Amino acid sequence: QAGETAFGRDECNELSVSSPCQCAPSMAEYEIYCPANAYNVFPKFRLAIRPNSNVQIECNLTDANEYKQLPPLRIGEIERVQIQRCPLPGHTPIAGILEHLGIRSPKMLIFESDNLGVNITRRHLDRLQNLKRLRFTSRRFTYIPADFLADLRNLSWLDLRANIVELPAHLFDNLENLESLELGSNGLKHLPHGVFSRMPKLRHLNLWSNQLHNLTKHDFEGASSVVDVDLHANGIEQLPRDVFSLLTNLTEINLSANHFRSLPGGLFEHNKQLRQVRLLNNRVPLSTLPARLFANQPELRVLLLRCDLETLPSDLLEQSTEITNISLRDNYLSTLPAKLLEHQTNLLSLDLSNNKLTYLPDAFFEHTTKLVDLNLAENMLTDISSDIFSKLEKLETLNMNNNLVKNIASNAFAANTALLHISMEHNLIDLQQPLLGSILQEQLNSPFSHLASLQSLNLRNNSIMFIYRDWNFNLINLQELDLSYNNISSLIYEDLQFLSKSNLFVNITHNQISRINFYPQLPVMPDGEVSTSVLRMDLNDNPLVCDCTLLWFVQLVRGAHVPDYAKQFKFDTDRLTCSQPHNLQDLPVRLVPPKELICSIGSAEEPGQRQCPRGCRCWVRTFDKALVIKCHEGNLTKVPELPTLYDNLHIMELHMDNNTLLGLPAAHSPGYANVTSLHLAGNNLTHIDVDRLPPNLKHLDVRRNHLQALNTTVLGFLNRTMPRRSLMLSGNPWICNCEAKPLLLFTQSNYERIGDRGEMLCMDAEMPTRMAELSTNDICPEEKGV
Amino acid sequence: DISSRLGPNDEVFLCRSRRRYLYPKSGLKSDNTWQFIVNNDEFKQGILIEECENEEMPCDYSLSFPQRYKPICKQHYVLRMLASIRNTSGELDVGQESFKIPSCCKCVLKVL
């Protein structure tokens, strides 16, 4: 029907044209500013209209006369009207403003202003008798007349917050439908007698942040229908034992932020419907609670207590079997009575964090068999015995961060097979079993070996030295393992073989890992099963020693080696650098050239076991499986006794440049027989015999010796065994006569093999001549035919 | 629990704020220098902002926080790109710059 539609786009456009206001759609709302174009200043009115739902009116007025500048509108049916920062419209009803805007039958009115202009009266609420909800707030001290609410018989919800010091005795007399009464944050010092007695439906009573220091049971006369009371921040020091005795339907009470130094026993004796009690942030220390304060409460579910408690009576909760949640966090409890939770068979969550607990009796959790969530963080507990958690078969989350735990009994968690999350960071856990040798420790199972459901295990900042095999093989649902800031010193491939079905993330940063040993390949699983999950491991910030043992890990990180198992791992190594050796220090692992990864071999004292000859340096280079022996500039006249080549190495390099060698050992001498590469530049060799050349020789450097000739057997050997560019022969006084003909032919047909062929000189001529420039005829003219 | 205090379909914020459109002619950049913003009759850049009504004042409903925590209302900002007038070595030109804009008012706990 025309004219009955809600405020919409057409009305908005028309308003901008025909009035001094400006209207624009904004999200699901229309925003109206009056007057328009008031850029950068606050307009007198800002209206936000959400059609059929709510209207918000904001004012910047000093004088109620300015309401005349509001444009007449036909906003229509509106559920909720919110008026903010506006003065009262003089002594006329607020309804007048709403009618001017065409707002019909609001159910809820919110009037919030610190700038009322006049005292509030009953007249201001004229023609609003259909209101179901009313909030009236002001920061000014406000005098409320006794008949203020006399016409609001339909009100079910009332919020009065206006620094009201004195509540008139009969203010609420007509509000027989009221269900919620919010009187928080006024200045009430006392309540008039019987003020709640004419509200049979009242259920929710909020009296927080007043000055109700001396409450008695008479203050709640007639309020037996009330189910929750909020008395927080009232500066209450004590309560009479019977103060709540008339609130027989009370289920929830908040006593937080008061000044209790003690509470009377039997305070809740008559409140047998009680479900939740909050006593948080008491402003003075309340070091204990009276005996049986929360005992015999058949409906009690939730207890939140934070008031500097030091001790608790053992019968505090007796017979209150339905309690599900208890928070005692942030108190000063140093221990707890063994029987405190004796009847709490339905407890689900217990928070004891941030206390001073040094010890819990073994029987403490004996009966809380349904406990799911246990928080013991920030205490001073030192041990976890085999009994303490043995009845907690439903436990899912255990937090023991920031304690002093050192000892965990090996079967401490044997019963807790439902555990999903364990957090024990910042303790002193090393998992070492005293009396057992360090070799055995690694073979043992950790105390977590039974926890097949475990999803996260946080052991950050402890003193753990090993990755235990039960973490690899038993924790098949593990998703997160935090081992950062521990004392793990090395990793082998087996440490990383997690059978977890999830994509596990292991944080092992800030340990002492110096070695990571990987294999080039691994045998295929016998059953052919291939793991599809990926292990991500953060290895950063460890003092890695970059030697030959790191080769496969480095090749893996560089992506140069991609074995079948590589796709199971993802390593975070962007901040993983070498701490040793000196020449690789601070180099990121992924930038280390794999040929630089070497391990030195020492020289044993016993000559028979000598690994590296005296005066020489020897090392293994895993990149090409080489044993390298360097005896530089030692004035050696003969090749020293050499170690034999290990089975797993293929190359043996002997570097003896710049000595004074006169000859070579027999080709089959132990050690020397394995040499594949002879570096003999700068010695005194005058001739080479084939029985002095190791059988597997692939490289020979004899530059700068005293060689004059090479006989045909040596040349035959070289022809058979030496690969490309493997010979260095320059710097020798070659004699180029007829006997050198085989050598010359050899150099001509082995151009590729001799790296320095161009520099070989014949020294027997008047002028040294390059051998490469000579032909056989030049050095050995054929006999002229007769 | 404030929702139960006020019933369903109602929300109350711990800090009171006001919203308005702003057509700034100059603004503060993220480097704390001021710059002119293009805003004239032909080219308008309106921004909806939200400002604390009582910045640095105690939050509403905050009386049961722990001791030594002072709940106060704090103005928060976002960076918004706006066309602005740059002065590069005497030459004026228009470019996009980000400016600090009041975005909302939140209750924060100050540790005393």
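## A serine and its contacts

Leaving out neighbours within four places in sequence, A:S502 touches A:I476, A:N477, A:L478, A:Q479 and A:S533, where a contact means heavy atoms within 4.5 Å. You'll find A:S502 in the loop between β26 (490-492) and β27 (505-507) of chain A. Helices (H or I, at least four residues) and strands (E, at least two) are DSSP runs, numbered from the N terminus. With a relative accessible area of 17%, A:S502 is buried; that label means under 20% relative accessible area, with exposed being over 50% and partly exposed in between (1.4 Å probe, protein chains only).

A quick word on the ground rules: this is a predicted model, so local features need pLDDT of at least 70 and side-chain atom pairs count only at pLDDT 80 or more, while totals for chains, interfaces and linings use all residues. Residues are numbered from 1 along each chain as its sequence is written, chains are lettered from A and ligands numbered from 1 in the order in which they are written, and side-chain values use heavy atoms, with hydrogens and water left out.

## Chain A as a whole

Chain A has 8 helices and 41 strands. Its radius of gyration is 46 Å, well over the 28 Å that the globule rule gives for 786 residues, so chain A is more spread out than a compact globule. That radius is taken over C-alpha atoms, and the rule is 2.2 Å times the number of residues to the power 0.38. Along the principal axes, the C-alpha atoms of chain A fill a box of roughly 155 × 75 × 45 Å.

Of the 786 residues of chain A, 50% count as buried. Take the contacts in chain A between residues at least 6 apart in sequence, and 59% of them join residues at least 24 apart. The accessible surface of chain A is about 35,400 Å², with 49% belonging to carbon and sulfur atoms. Accessible areas come from the Shrake-Rupley method with a 1.4 Å probe, and for residues only the protein chains shown count as cover.

Helix α5 (residues 551-558) of chain A has A:L551, A:F553, A:V554, A:Q555 and A:L556 as its buried residues. They pack against β28 (515-517) and β31 (569-572) of chain A. Just after α5(A), A:G559 takes a positive phi of about 80°.

In helix α7 (residues 741-749) of chain A, the buried residues are A:L743, A:L744, A:F746 and A:T747. These cover an arc of only 160° around the axis, which puts them on the same side of α7(A); the arc is that of the directions from the helix axis to the C-beta atoms. The buried residues of α7(A) pack against α6 (712-721), β39 (727-728) and α8 (776-779) of chain A.

## Aromatic rings

Rings of Phe, Tyr and Trp (its six-membered ring) pair if their centres lie within 6.5 Å; planes under 30 degrees apart count as stacked, over 60 as edge-to-face and the rest as tilted. By this rule there are 23 aromatic pairs over all chains. A:F111 and A:F136 have ring centres 6.1 Å apart and planes at 20°, so the pair is stacked. A:F111 lies in strand β8 (residues 108-112) of chain A and A:F136 in strand β9 (residues 133-137) of chain A, so the pair ties together parts 25 residues apart in sequence. A:F111 is buried at 1% relative accessible area, and A:F136 is buried at 2%.

A:F244 and A:F268 make a stacked pair too, 6.0 Å centre to centre with 5° between the planes. Here A:F244 sits in the loop between β13 (228-230) and β14 (252-254) of chain A, and A:F268 in the loop between β14 and β15 (276-280) of chain A, 24 residues apart. Both A:F244 and A:F268 are buried. Elsewhere, A:Y493, A:F518, A:Y519, A:F553, A:F569 and A:F571 form one aromatic cluster.

## Arginines over rings

A:R133 lies over the face of A:W157, 4.5 Å from the ring centre. A charge sits over a ring if NZ of Lys or CZ of Arg is within 6 Å of the ring centre and within 35 degrees of the ring normal. Across the two chains, A:R161 lies over the face of B:Y61, at 4.6 Å from the ring centre.

## Chain B

Chain B has 1 helix and 6 strands, and along the sequence they run α-β-β-β-β-β-β. The C-alpha trace of chain B spans about 60 × 35 × 15 Å along its principal axes.

Of the 112 residues of chain B, 38% count as buried. Chain B exposes about 7,000 Å², and carbon and sulfur atoms supply 51% of that.
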